[in-house]
Amino acid sequence: MDDEDLDGSPCCSGMPGMCSGDEGDRQPHVRVERPRRQEGWVLRAVDAYAGGMGADPSWDLGDDLPPGFHARTLRELTVLVETAGRKLEAEQWYAYGPWQVLWTSCTSPVAGAPAGGHVSVRDDGTVQVRLGKRGRVVHEASVPQDAASLEGLHSLLRRVTEVVGEAGYGTDGEWTVDWSRCQVDLDD
């Protein structure tokens with residue numbers, strides 16, 4: 001899967017290590033790839049060997065994850081990253097730095113909303129509370145924060161929950177994360 005497979009453009013949101021075109025300067029990394037058809041979750045090394053001196057390895061994560069596993073929620077994404085980290089260590093590969101997540105939005109149901117509703121946050125920090133079947137916006141805020149890493153995303157969603165709570169609303173349940181890439185650099 002090339003970077004262009006994600007959105008048709010050669011660069012994904014300008015995030016370091018997630019753009020193509022700089023192959024000579026790319027940091028070796030591993031990324032988690034979503035299941036396709038009959039395949040399961042795969043951890044794939046990219047540019048692991050300098051100068052193409054060997055084939056980049058990959059590891060199946062299927063045996064390490066629960067049957068029917070989906071990484072739609074923040075909790076599940078965290079389990080996926082922890083599982084991938086353990087697999088790297090077991091294979092004697094070591095991560096350098098935090099896991100990076102390319103995400104576009106997160107949502108959570110509004111607590112106690114009789115007609116339904118949800119809280120959403122976009123990757124630019126825009127937060128909206130929408131109520132009712134038509135999704136009428138009843139509260140909007142901005143919570144700018146660096147959330148390119150998994151830890152940053154956890155922190156952002158904690159802060160969004162606080163901001164929404166201060167406005168008199170609450171989240172009910174887990175955050176669903178719309179993400180397309182999850183990767184970490186490899187230690188040289």
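Two strands are taken to pair if DSSP finds at least two bridges between them. Helices (H or I, at least four residues) and strands (E, at least two) are DSSP runs, numbered from the N terminus. The structure is a predicted model, in which local features need pLDDT of at least 70, side-chain atom pairs count only at pLDDT 80 or more, and totals for chains, interfaces and linings use all residues. Residues are numbered from 1 along each chain as its sequence is written, and side-chain values use heavy atoms, with hydrogens and water left out.

On these terms, eight strands form an open sheet in the order 3-2-1-8-4-5-6-7, with antiparallel pairing. Its edges are strand 3 (58–60) and strand 7 (136–142), each of which pairs on one side only. From one strand to the next, the twist averages 20°; angles run from 0 to 180 degrees between N-to-C directions, and axes are lines fitted to C-alpha atoms, for helices over the stretch in contact.

The pairing can be followed through the sheet. Strand 1 and strand 8 run antiparallel and are joined by four bridges; here His29 has Asp185 of strand 8 as its bridge partner. Strand 8 is also joined to strand 4, by nine bridges and again in the antiparallel sense, and Cys106 has its bridge partner, Val177, in strand 8. Between strand 4 and strand 5, which run antiparallel, there are five bridges, and Ser105 is partnered by Arg122 in strand 5.

Strand 5 (residues 117–122) and strand 6 (residues 126–131) run antiparallel and are joined by five bridges. Val119 has Val129 in strand 6 as its bridge partner, while Val121 is partnered by Val127 in strand 6. Three residues lie between the strands of this hairpin, in which Gly125 takes a positive phi near 90°. Strand 6 pairs in turn with strand 7 over six bridges, in the antiparallel sense, and Arg130 stands opposite Val137 in strand 7. The hairpin of strand 6 and strand 7 has four residues between the strands, and Gly132 takes a positive phi near 80° there.

Two helices were examined next. Two packed helices are described by the angle between their axes and the distance between the axes. Helix 2 (residues 74–90) packs with helix 3 (residues 150–166) at an angle of about 160°, and their axes are 11 Å apart. Helix 2 and helix 3 are therefore roughly antiparallel to each other (angles under 35 degrees count as roughly parallel, over 145 as roughly antiparallel, 65 to 115 as roughly perpendicular and the rest as oblique). In the contact, defined as heavy atoms within 4.5 Å, Leu74, Leu77, Thr78 and Val81 of helix 2 meet Leu150, Leu153, His154 and Leu157 of helix 3. The residues of this contact comprise six nonpolar, two polar and no charged (Ala, Val, Leu, Ile, Met, Phe, Trp, Tyr, Cys and Pro count as nonpolar, Asp, Glu, Lys and Arg as charged, and the others, Gly among them, as polar). Helix 3 itself lies across strand 4, strand 5, strand 6, strand 7 and strand 8, and runs at about 30° to strand 4.

Three aromatic pairs are present in the structure. Rings of Phe, Tyr and Trp (its six-membered ring) pair if their centres lie within 6.5 Å; planes under 30 degrees apart count as stacked, over 60 as edge-to-face and the rest as tilted. The ring centres of Trp41 and Phe69 are 6.0 Å apart and the planes stand at 70°, so the pair is edge-to-face. Because Trp41 lies in the loop between strand 1 and strand 2 and Phe69 in the loop between strand 3 and helix 2, the pair ties together parts that are 28 residues apart in sequence.
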